[in-house]
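The sequence and structure come first.

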2 protein chains.
Amino acid sequence: MKRTGEQFRTIWQHPENPAIVQIIDQRKLPHEYVTTDLVTWQDGATAIQEMLVRGAPLIGATAAWSLYLAAIDAAGNDDNKATVLTAADALEATRPTAINLRWALDRMRKVIEASTPDKLAETLAAESRDICDEDVEISRGIGQHGLTLIEEIAARKKGEPVNVLTHCNAGSLATINYGTATAPVYFAMARGIDVHVWVDETRPRNQGSQLTAWELAENDVPHTLIVDNAGGHLMQHGQVDICLTGTDRTTRNGDVANKIGTYLKALAARDNGIPFYVALPSTTIDWTITDGLKNIPIEERDPNEVSHICGRAGDQLCTVDTVASKTRISNYAFDVTPARLITGLITECGVCDASEDGLAGLFPELARKTG
Amino acid sequence: MKRTGEQFRTIWQHPENPAIVQIIDQRKLPHEYVTTDLVTWQDGATAIQEMLVRGAPLIGATAAWSLYLAAIDAAGNDDNKATVLTAADALEATRPTAINLRWALDRMRKVIEASTPDKLAETLAAESRDICDEDVEISRGIGQHGLTLIEEIAARKKGEPVNVLTHCNAGSLATINYGTATAPVYFAMARGIDVHVWVDETRPRNQGSQLTAWELAENDVPHTLIVDNAGGHLMQHGQVDICLTGTDRTTRNGDVANKIGTYLKALAARDNGIPFYVALPSTTIDWTITDGLKNIPIEERDPNEVSHICGRAGDQLCTVDTVASKTRISNYAFDVTPARLITGLITECGVCDASEDGLAGLFPELARKTG
């Protein structure tokens with residue numbers, strides 16, 4: 001497997017033992033590139049919970065493959081379908097904010113129910129593979145539709161580089177390949193457009209400095225790392241042409257839950273007249289809710305994510321505690337950016353307004369089904 | 001010297017050898033409390049440049065005391081006044097954004113010019129001491145005027161804690177004592193008001209987690225550390241009653257240069273109808289400029305401030321590099337918050353609108369002198 005490019009995947013079956021699923025342990029990037037074997041569904045649950053994998057689409061895919069592992073484990077049991085459905089419930093509780101997790105599990109539940117018990121594992125492998133293949137096609141669609149926005153800016157800037165600001169990692173590493181927010185950037189690069197990406201560090205887990213910077217470097221995309229505090233200053237001084245982020249859940253009316261701090265960048269973009277786009281697969285739309293601020297549960301995570309950080313000290317990796325031990329820490333993982341601050345949503349089916357009409361225009365059947 | 005409280009000072013003459021000035025090496029907090037001797041004026045310049053001391057008022061005081069050290073060194077020379085004036089020019093170049101540095105040096109230059117050569121050192125010691133004593137009185141004034149704002153919120157909340165959000169360290173450690181943004185909090189605590197402070201981590205140098213959290217803990221002020229990304233979310237959910245920050249330079253019309261990221265918090269405060277106040281000694285007002293965005297030079301600092309961080313690993317202090325070595329980093333230290341986003345300015349002479357009229361109303365003579 002190549003680390004980037006067309007053949008890149010973030011989750012795959014072991015080439016010699018298909019009963020093992022492999023992932024990249026993203027906690028070790030950019031310092032070490034290490035793959036990890038998932039042998040049981042519990043390995044998958046741990047990988048999601050402890051963030052070996054993260055990013056809404058990859059979380060969904062990992063949950064799907066975990067059910068395949070559960071089916072292998074339960075093979076030959078009379079109640080194997082019930083066992084796998086129990087695993088699905090446990091997996092659903094691993095991360096409360098990401099909607100793809102629920103979406104992938106619901107899709108798998110239907111397949112479990114329809115499957116014959118003796119074919120369960122192979123049916124779930126096929127479905128997991130489909131979820132991954134479809135996700136790559138979704139990223140391609142987002143890349144192509146987002147490319148148009150970048151092309152327009154490039155034409156206006158007449159050869160000057162297009163400066164994109166992104167927050168967190170909504171890249172290849174968050175999906176199966178290409179990413180969501182990064183897909184338009186990769187497609188623009190392939191088209192020969194001069195693009196430069198401002199990469200928000202993304203405290204507390206530093207997905208920007210540790211994952212986005214890593215994958216942009218691997219793909220030769222010019223980029224500069226900045227602290228999360230810097231984006232407003234850059235926007236005030238004309239250094240940002242477009243903001244592109246991903247999302248963990250989008251409401252029916254276009255409110256966007258994404259990594260904590262996204263809302264602050266959207267405010268700065270509006271204050272400076274800079275377009276703020278959110279890239280999303282339609283699977284991250286939660287058609288059942290219309291008020292992101294009230295209805296999306298915001299995960300609180302371990303305070304140690306804020307106080308502790310891993311880095312290189314000479315040849316060694318070392319985790320240091322940067323905070324005085326008696327300091328109380330609060331660690332909200334996401335915030336909600338209201339639709340009013342979002343210029344548009346880039347989906348696999350096109351770009352639309354961040355509104356119920358916008359989303360329903362692109363996805364009329366999905367909107368009707370849960371309307 | 002006590003570490004906090006009424007007798008606390010951040011810069012002082014050595015109790016046994018008055019030719020030495022002592023400071024706290026703030027780079028080592030909160031892990032170690034270490035004081036450092038300044039023996040030459042160059043020691044003072046290094047302390048400012050390498051941020052052993054930081055915070056506009058303390059930078060000014062350190063520069064003043066450095067000139068006293070230069071005068072001791074040049075004592076007996078024919079051209080001692082010229083030598084000390086040369087040191088003043090070198091000190092002025094150490095930090096471009098903080099206006100107090102220029103203010104303190106201009107004040108010292110006048111004293112140098114008026115002094116007899118044989119009395120130079122003792123005259124500069126007296127002036128430095130005056131600058132420090134006056135700064136404590138300024139912080140007291142800010143504390144008393146800011147207290148009124150907190151009392152009003154406390155009265156409205158009927159016993160519920162008043163939640164203050166602050167960015168960077170505008171505390172005792174940034175001044176001589178009490179701080180600017182923290183002074184109203186300390187005065188409210190002394191008045192028995194239930195106060196809680198959200199402390200922004202303040203990347204890249206973590207002055208929030210390493211200095212503000214430390215001094216609030218030493219003074220028993222309830223506080224919670226958050227990443228810089230979290231403030232918007234807290235404001236959306238009613239968890240912040242008032243934002244209080246310091247400033248490194250305030251323009252004639254009330255634009256505020258402060259630690260990078262302040263602007264993002266001001267945007268969030270406005271979006272959520274939360275008062276955003278900036279606390280400042282009148283010495284941080286730059287009466288000569290009226291457009292902060294255009295006219296305040298924004299210092300770019302070493303990229304290693306972003307990539308490297310020091311913390312405890314077991315019993316040891318260890319600095320780790322958190323970023324892949326090929327990643328390019330940009331590190332702007334300050335941003336400018338336009339006056340339109342600021343509810344009011346808290347000064348030693350009262351609270352006013354962030355506007356030329358507001359400032360000139362409180363400081364008519366200063367406004368006239370440079371009008």
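Contact here means heavy atoms within 4.5 Å. By that rule, the contact takes 64 residues from chain A and 64 residues from chain B. The model is predicted.

**Chain B with chain A**
- The buried area between chain B and chain A is about 5,000 Å², and carbon and sulfur atoms give 57% of it.
- Eight salt bridges are counted between chain B and chain A.
- Asp271(A) and Arg340(B) form a salt bridge, with their closest N and O atoms 3.0 Å apart.
- Between chain B and chain A, 30 residue pairs are in polar contact.
- Elements that give two or more residues to the side of chain B that touches chain A include helix H7 (207–218), helix H9 (262–271) and strand S12 (308–313) of chain B.
- H9(B) gives the most to that side, with seven residues.
- By class, that side of chain B has 30 nonpolar, 21 polar and 13 charged residues.

**Domain 1 with domain 2 in chain A**
- Chain A is divided into domain 1 (11–134) and domain 2 (158–369), and their C-alpha centres lie 25 Å apart.
- In chain A, 27 residues of domain 1 are in contact with 33 residues of domain 2.
- The area buried between these domains is about 2,400 Å², with 59% from carbon and sulfur atoms.
- Two salt bridges are counted between the domains; Asp286(A) and Arg102(A) meet in a salt bridge at 3.6 Å, N to O.
- Nine residue pairs are in polar contact across this domain interface.
- Helix H2 (56–73) and helix H4 (99–114) of chain A are the elements that give two or more residues to the side of domain 1 that touches domain 2.
- That side of domain 1 divides into 15 nonpolar, six polar and six charged residues.

Technical notes:
Residues are numbered from 1 along each chain as its sequence is written. Chains are lettered from A and ligands numbered from 1 in the order in which they are written. This is a predicted model: local features need pLDDT of at least 70, side-chain atom pairs count only at pLDDT 80 or more; totals for chains, interfaces and linings use all residues. Side-chain values use heavy atoms; hydrogens and water are left out. Domain bounds come from an automatic or database domain assignment. Buried area is the accessible area (1.4 Å probe) that two parts lose on being put together, summed over both. A salt bridge is a side-chain nitrogen of Lys or Arg within 4 Å of a carboxyl oxygen of Asp or Glu. A polar contact is a pair of N or O atoms within 3.5 Å; within protein, one must be able to donate a hydrogen and the other to accept it, and residues adjacent in sequence count only if both atoms are side-chain atoms. Helices (H or I, at least four residues) and strands (E, at least two) are DSSP runs, numbered from the N terminus. Ala, Val, Leu, Ile, Met, Phe, Trp, Tyr, Cys and Pro count as nonpolar, Asp, Glu, Lys and Arg as charged, and the others, Gly among them, as polar.
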